[in-house]
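Here is a friendly walk through one structure, meant to be read with the model open beside you.

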Amino acid sequence: MKRNLALLIAAVAVLALPVASKAEFRYAPVVGVTISDLDFKQDLFEVDKTVGATAGLMGELMFPGIGFGIDFALLYSQMGAKTDLGSRKLWATDGFGNPRVMLHAIQIPVHLRFKWTRMDGLEDYIAPFVYGGPDFTILAGHSRIKGNPGVEDPYKYTGGDLGLTCGGGFELFKRWQVSLQYTWGMTYLLKTRKLDNLSARNRQWAVRVAYFF
């Protein structure tokens, strides 16, 4: 059984080599706007979305003739939310009001994508695409939330998280790509110091524009 499985994998790899050797790789600078939210385990206070920015470099590897490929990137991204801690006496006594939690992160997305490339020449002008896959986030820094003198930040932060993203968009003139995506954080980004079980996951919309060379 193991021998047959090894032979099958080897056969698939050999058949895939001609396609992989013709794969088209491109890279692009990318910029965008993020609309982020924090999804807490319990609804103890009001949480409002916040607007941030994202920028970086992405690559695209597409396999000819089938429209499938992968994309990956190295991005700086802002995420977070406004949290109305002051509405609860637990945090109001420490001098916290309605602080904006801004997290600065390095994101490494790796997505599968499909692009419509057989449209009788129309794809030279506009080509829709969809994609999805994991986003690996490394937390690089965060805003400082001030309360009464000597009081610690109300949150404890993790080193990052793992998200699941899906999105789509269109490509113009085989150069410009405009996309809209949504990311579900699968692991928590932060939790409160006073309530250890009150953790929050990232939720984020992002609009991005890329120019491919």
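Start at V101: leaving out residues up to four places away in sequence, V101 touches L38, M79, G80, A81, T83, S143, I145, Y155, Y157 and L190. Please keep in mind that this is a predicted model.

**The nonpolar cores**

V101 is among the residues with the most contacts inside the largest nonpolar core, alongside L38, F40, F45, L103, Y155 and L190. This core has 18 residues. At least two of its residues come from each of β1, β4, β5 (100-115) and β9, and β5 gives the most, with three residues. There is also a second, separate core of seven residues, which includes A28, V30, A73 and L75. As a general point, nonpolar side chains tend to be buried together in soluble globular proteins.

**Aromatic rings**

How many aromatic pairs does a search of the whole structure find? The search finds 14. One of them joins F45 and W91: the ring centres are 5.5 Å apart and the planes stand at 90°, so the pair is edge-to-face. F45 lies in the loop between β1 (24-40) and β2 (47-48), while W91 belongs to helix α2 (residues 89-92), so to speak of this pair is to speak of distant parts of the chain, 46 residues apart. 

**Around Q177**

Q177 is found in strand β9 (residues 176-192). With a relative accessible area of 3%, Q177 is buried. Its side chain makes a polar contact of 3.0 Å with the side chain of E60. Leaving aside neighbours within four places in sequence, the contacts of Q177 include R26, R113, F129 and F212, together with E60, K115, F170, E171, R208, V209 and A210.

**How the strands pair**

| Strands | Sense | Bridges | Facing residues |
|---|---|---|---|
| β2 and β4 | antiparallel | two | V47 and T83 |
| β3 and β4 | antiparallel | nine | M58 and A73 |
| β4 and β5 | antiparallel | 13 | I70 and L112 |

Where is G65 placed? G65 is in the loop between β3 (50-62) and β4 (68-83). The hairpin of these strands has five residues between them, and G65 takes a positive phi near 85° there. G65 is partly exposed, with a relative accessible area of 42%. From C-alpha to C-alpha, G65 and A23 are 9.8 Å apart in space, although 42 residues separate them in sequence.

Technical notes:
Residues are numbered from 1 along each chain as its sequence is written. This is a predicted model: local features need pLDDT of at least 70, side-chain atom pairs count only at pLDDT 80 or more; totals for chains, interfaces and linings use all residues. Side-chain values use heavy atoms; hydrogens and water are left out. Helices (H or I, at least four residues) and strands (E, at least two) are DSSP runs, numbered from the N terminus. Buried means under 20% relative accessible area, exposed over 50%, partly exposed in between (1.4 Å probe, protein chains only). A polar contact is a pair of N or O atoms within 3.5 Å; within protein, one must be able to donate a hydrogen and the other to accept it, and residues adjacent in sequence count only if both atoms are side-chain atoms. Contact means heavy atoms within 4.5 Å. Rings of Phe, Tyr and Trp (its six-membered ring) pair if their centres lie within 6.5 Å; planes under 30 degrees apart count as stacked, over 60 as edge-to-face and the rest as tilted. A nonpolar core is a set of buried Ala, Val, Leu, Ile, Met, Phe, Trp, Tyr and Cys residues joined through side-chain atoms within 4.5 Å. Two strands pair if DSSP finds at least two bridges between them.
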